[in-house]
Amino acid sequence: MNLVHAPFYQGYVDLVESDIKNVLEHQASEISVMINNIPDQKWNYRYEKGKWSVAQVIQHCIDTERIMAYRALTLSRGETKALAGFSENLYAEASEYCKLDKSKMAEGFYYLRKSHQSLFLSMPDKILKKEGVADGNPISILSLWYIIVGHWKHHQKVLKDRYF
């Protein structure tokens, strides 16, 4: 299929080892379980000064998934304008992550993923092959879905290795 993206995203894409449809579905429950199993005392934990807290990492994953799915939606509907990039650090600083309880965040992430799964499944192959420009780089709709899945896998590993 048509995987076109900036080299920066290759690490996320490479983490998707099986059928994208199955992984999108499987991850929805996995995300919810993982977040709900985070000990309360770890929610605001930072493994090093200046690093994001666990809550900020989760919020970053939610924000990034929303942005990538928005890009997929707009490109699938024929948007021809280049789509803007975003600053993950500015988003993390601006989020109200510390006011969200983890069960509400887990629930929100679960439903977000289920909604995005539905959007993905509504896109036939001819749509998934479409390309556009995001953050100054060419990108295909299918790559955006791989990035969503791989981005979560990446941060799931970071959480396990550095926070827990």
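**View A. Glutamate 65 and arginine 113 are both buried (under 20% relative accessible area; exposed is over 50%, partly exposed in between, with a 1.4 Å probe and protein chains only).** They form a salt bridge (a side-chain nitrogen of Lys or Arg within 4 Å of a carboxyl oxygen of Asp or Glu), and their closest N and O atoms sit 2.8 Å apart. Glutamate 65 belongs to helix α3 and arginine 113 to helix α5, so this pair ties together parts 48 residues apart in sequence. Helices (H or I, at least four residues) and strands (E, at least two) are DSSP runs, numbered from the N terminus. This is a predicted model: local features need pLDDT of at least 70, side-chain atom pairs count only at pLDDT 80 or more, and totals for chains, interfaces and linings use all residues. Residues are numbered from 1 along each chain as its sequence is written, and side-chain values use heavy atoms, leaving out hydrogens and water.

**View B. Lysine 102 meets aspartate 40 in another salt bridge, with the closest N and O atoms 3.1 Å apart.** The lysine is in helix α5 and the aspartate in the loop between α2 and α3, 62 residues apart. Lysine 102 counts as buried because its relative accessibility is 14%, while aspartate 40, at 60%, counts as exposed.

**View C. Aspartate 161 and lysine 157 pair up within helix α7.** Here the closest N and O atoms of the salt bridge are 2.5 Å apart. The two residues are 4 apart, about one turn of the helix.

**View D. Strands β1 and β2 pair in the antiparallel sense over 4 bridges (pairing takes at least two bridges found by DSSP).** Glutamate 131 stands opposite serine 140 in β2.
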